[in-house]
Amino acid sequence: MEFSTEKIKPLAEELADIIGRELNEEGDIKERQIEEKIRKRLQELGQMTFGIVLSRADDVPEQEIPCECGGMLHYQRRRPAKVLSVFDWVEYKRSYYAGCTCGKGKAPLDEKLGLEPGQVTAGLAALLGMTGIELAFEYSGRWLEPFLLLAVSENTIRKETQQFGELQAERENKLIKQSQDIAYLQERLRTETDLPERMYGSIDGAQVRIEERNQDEKNTEKWREMKVGCWYTVEPVPNNHQTKRHRKKKTIGQQVLRAKGIRYFCDIAEVDEFEPLFQASACQEKVDLASEVVFVCDGAKWIWGLVERNFPHAVQIIDWYHAEERLENVARDVFTEDKAVPWLDDVLTALWYGDTHFVITACEKLASQSEIASQAFTYFRNNAHRMHYDRYRENGYMIGSGTVESGCKQIVTHRLKRSGAQWNLNGAILTAKARAAWLSGDWEILCALRDRLPLAI
Ligand SMILES: [Zn+2]
């Protein structure tokens, strides 16, 4: 450490001299301007250093190298190229080979390092992708510029973000193949140790507006469902993190739990196309090997169908908050406020203590005067076997998918429905997949795959 500090010190002093002179010329200066100036000069220094390092990487060229066609390539000259990095455009020179009978030429250094002349470096791509999964492409460039000290176009950020989505889609396809390989599954059954005990799953869907070009070249809009799923385990919420809502629930016997290690997967696809991804991600998280699987979801039919087909022995729980919301909507639709409160109090108490019969009857009585009550009646009747909240609490299950749901919302609502967001089908899927990977803590894995581009694709 001492050594490198000593080495850098003369450089820093020289830079301080240069900046000092510039500041003197400018007169009245604030600290922020000093900071900005240093950052800008450091970026220029990085730009030059990067160019020198790259140019030195193969400055003793071989005279001949083998060509992919089986022939030989001959050294031509040092040929310049540039890449867009966190230091802005960096120019470098590398050895260039040609002269094979096949007519092809190449720069081996680019292949070795994964550089693509005229394109973004892997280092910058990781930052652009992280911005693109968070912000609308439209203004992400403007938002990034003060951080990066360089302008990146909307299209570049979109392209780089969706490339991470493509890498994630490739990972998923590999996982799907693996999860359908009987030999692999049998081997896994024999060798896997450290199996999870109680695993949770939640699945949800949300509508995304997709713009499509029809046959007459006109733009049309279509709503498509983004299906989002996640796997997780739970842990008690520490006392100092408990909210008022938590404490209230605790007084009536609810354990205060939160999800941890949440892993997301998503796609815009029909159920039968989504199912292999659901199975593969379950396999990856060893859900199929867990001693107990609990699903906390809302009532959509396709969701429970998926659960029942793949995990027939799983515990099925209707998310408490969805059930609660249904009853709130009925109360609001049928009663004036003074009558709504006691009615709601009664049905929620009954539901909390597992008396679904009371809730079903209460909704049925109102069904003739309210469509919402009629729908609620059907909902509670069809899902009654998933609403034994008294028993679930006794067994220590988490009954709300609230934490998880906010996570599922993070993928769709928070990114795909941002104002300014316009999507074609592929763009929506790839951006969501990249975001899901980031939320699951897999960003580094995608970055490692991105390092190997353009060769990886
Ligand atoms: Zn050749």
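**From a hairpin to the helix contacts**

Modeller: In this predicted model, Ala81 has Tyr92 of β3 as its bridge partner. The strand that pairs with β3 here is β2, residues 72-85; the two run antiparallel and are joined by 11 bridges. Strands count as paired if DSSP finds at least two bridges between them. Strands are DSSP runs of E with at least two residues, helices are runs of H or I with at least four, and both are numbered from the N terminus. Another pair places Arg79 opposite Arg94 of β3. Two residues lie between β2 and β3, which form a hairpin.

Contact here means heavy atoms within 4.5 Å. Axes are lines fitted to C-alpha atoms, for helices over the stretch in contact, and angles between N-to-C directions run from 0 to 180 degrees.

Residues are numbered from 1 along each chain as its sequence is written, and side-chain values use heavy atoms, without hydrogens or water. Local features require pLDDT of at least 70 and side-chain atom pairs pLDDT 80 or more, while totals for chains, interfaces and linings use all residues.

An automatic or database assignment sets the domain bounds: domain 1 covers 11-119 and domain 2 covers 179-409. Their C-alpha centres lie 52 Å apart.

Next come the helix pairs. A packed pair is described by the angle and the distance between its axes. The axes of α4 (residues 122-132) and α5 (residues 137-148) come within 10 Å and cross at roughly 130 degrees. The pair is therefore oblique, the class left over once angles under 35 degrees are called roughly parallel, over 145 roughly antiparallel and 65 to 115 roughly perpendicular. From α4 the contact uses Leu124, Leu127, Leu128, Thr131 and Gly132, and from α5 it uses Phe137, Ser140, Trp143, Leu144 and Leu148. Seven of these residues are nonpolar, three are polar and none is charged. Nonpolar means Ala, Val, Leu, Ile, Met, Phe, Trp, Tyr, Cys and Pro; charged means Asp, Glu, Lys and Arg; the others, Gly among them, are polar.

Helix α4 also packs with α18, residues 443-451, at an angle of about 140 degrees and with the axes 10 Å apart. That angle makes α4 oblique to α18, and their crossing is right-handed. Here α4 contributes Ala122, Ala125, Ala126, Gly129 and Met130, facing Trp443, Cys447, Arg450 and Asp451 of α18. This contact has six nonpolar, one polar and two charged residues.

A five-strand sheet is also present, open and mixed in pairing, in the order β6-β5-β4-β7-β8. Its twist averages 25 degrees from one strand to the next. Within that sheet, 14 bridges join β4 (residues 198-213) to the antiparallel β5 (residues 219-236).

Definitions and conventions:
Left-handed = near helix turned anticlockwise from the far one by under 90°.
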